[in-house]
Number of protein chains: 2
Amino acid sequence: MRKIGPHARRSDCPIACTLDLIGDRWNLLIIRDLALGKQHFDELVESEEGIATNVLTKRLKYLCEVGLIKKVASEDDARRVCYSLTAAGESLEGPLEAIIDWGLENVPNTRLIPAMAR
Amino acid sequence: MRKIGPHARRSDCPIACTLDLIGDRWNLLIIRDLALGKQHFDELVESEEGIATNVLTKRLKYLCEVGLIKKVASEDDARRVCYSLTAAGESLEGPLEAIIDWGLENVPNTRLIPAMAR
DNA sequence: TTGTTTTACTTGTCAATAGAAAGTAAAGTG
DNA sequence: CACTTTACTTTCTATTGACAAGTAAAACAA
């Protein structure tokens with residue numbers, strides 16, 4: 001696969017550019033989890049979809065680099081890292097909701113996890 | 001990567017399921033092109049993003065299988081194949097518009113191609 | 001009717017990536 | 001001072017994507 005990221009752009013189409021940025025199997029799920037209030041590495045690992053730790057590490061680093069999430073050290077525990085959405089990351093809630101709505105209507109047996117109820 | 005498709009579901013989350021279905025680098029761009037009125041293999045190949053023909057063939061077959069597009073033989077030319085969106089494929093315009101809006105606002109120097117003006 | 005072009009693919013090769021499992025290192029806890 | 005927690009890193013294998021080239025059937029042109 002050609003490199004995904006802000007430096008390899010296939011065209012100026014906003015759809016193509018958005019896919020270049022976050023169009024893979026995991027980025028949006030990480031953003032979903034952070035939107036739901038998760039903050040730490042293990043919380044993200046524990047999500048139902050079962051991301052591998054090497055993949056999660058890579059994605060977290062990438063999402064920081066492109067400015068969709070930010071990484072802050074915890075004050076009371078030096079091991080603890082807190083990940084959260086930036087403003088740009090939060091603005092993905094629009095697309096996210098459209099995708100949720102589409103999934104609920106078009107993919108059989110999908111359901112919101114309790115934490116996502118609106 | 002684990003197999004993408006309706007038979008390998010990571011969870012019941014509508015976001016995860018939608019990503020399992022169409023969350024890759026090319027599916028949404030093919031759907032975009034069909035939404036814009038393209039119908040034939042070479043029209044799709046000619047899109048600015050430059051999909052490889054083996055990948056396009058695979059994706060077209062896949063999108064037919066999952067019912068988002070349909071394939072019809074042309075009446076006047078037996079070589080000619082016409083691809084188009086099904087109702088389910090058309091219903092992706094909601095997510096697509098949300099992604100367009102997000103891209104236009106959050107990815108520098110993106111612009112709608114003329115055919116997409118609304 | 002024969003050679004060329006068009007259309008929609010298929011095949012082969014190589015490099016990059018994903019996923020699984022195990023290991024590690026620093027910080028905190030009893 | 002051992003044990004646990006947290007956040008990774010490493011190694012290995014299999015799959016996938018990108019690129020280039022080839023193909024087969026239908027249509028068109030001479």
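Guide: Two residues are in contact if their C-beta atoms, placed from the backbone, lie within 7 Å. By that rule, and leaving aside neighbours within four places in sequence, A:Leu28 is in contact with A:Ile22, A:Leu96, B:Ile15 and B:Leu19. Please keep in mind that this is a predicted model, in which local features need pLDDT of at least 70, side-chain atom pairs count only at pLDDT 80 or more, and totals for chains, interfaces and linings use all residues. Residues are numbered from 1 along each chain as its sequence is written, while chains are lettered from A and ligands numbered from 1 in the order in which they are written.

Visitor: Which elements build chain A, from the N terminus on?

Guide: Helices (H or I, at least four residues) and strands (E, at least two) are DSSP runs, numbered from the N terminus. Chain A has six helices and two strands, in the order α-α-α-α-β-β-α-α.

Visitor: Why is chain A called as compact as a globular protein of that length?

Guide: The radius of gyration is taken over C-alpha atoms, and the globule rule is 2.2 Å times the number of residues to the power 0.38. For 118 residues the rule gives 13 Å, and chain A has 15 Å, which is close, so chain A is as compact as a globular protein of that length.

Visitor: What makes A:Lys70 count as partly exposed?

Guide: A residue is buried if 20 or more other C-beta atoms lie within 10 Å of its own, exposed if 12 or fewer, and partly exposed in between; the C-beta atoms are placed from the backbone. A:Lys70 has 15 such neighbours inside 10 Å, so A:Lys70 counts as partly exposed. A:Lys70 is found in strand E1 (residues 69-73) of chain A. Not counting residues up to four places away in sequence, A:Lys70 touches A:Cys64, A:Ser84 and A:Thr86.

Visitor: How do you know that H2(B) is largely enclosed by the rest of the structure?

Guide: Seven of the nine residues of H2(B) are buried, so this helix is largely enclosed. Among them are B:Leu28, B:Ile30 and B:Arg32. After H2(B) comes B:Gly37, whose phi is positive, near 105°.

Visitor: Which residues have the most contacts inside the largest nonpolar core?

Guide: A nonpolar core is a set of buried Ala, Val, Leu, Ile, Met, Phe, Trp, Tyr and Cys residues joined through C-beta atoms within 7 Å. The largest one has 52 residues, and those with the most contacts inside it are A:Ile15, A:Leu28, A:Ile30, B:Ile15, B:Leu28 and B:Ile30. Helices H1, H2, H4 and H6 of chain A and of chain B each supply at least two residues of this core.

Visitor: How many residues of chain B are in contact with chain A?

Guide: There are 41 residues of chain B in contact with 41 residues of chain A. H6(B) gives the most to the side of chain B that touches chain A, with 11 residues.
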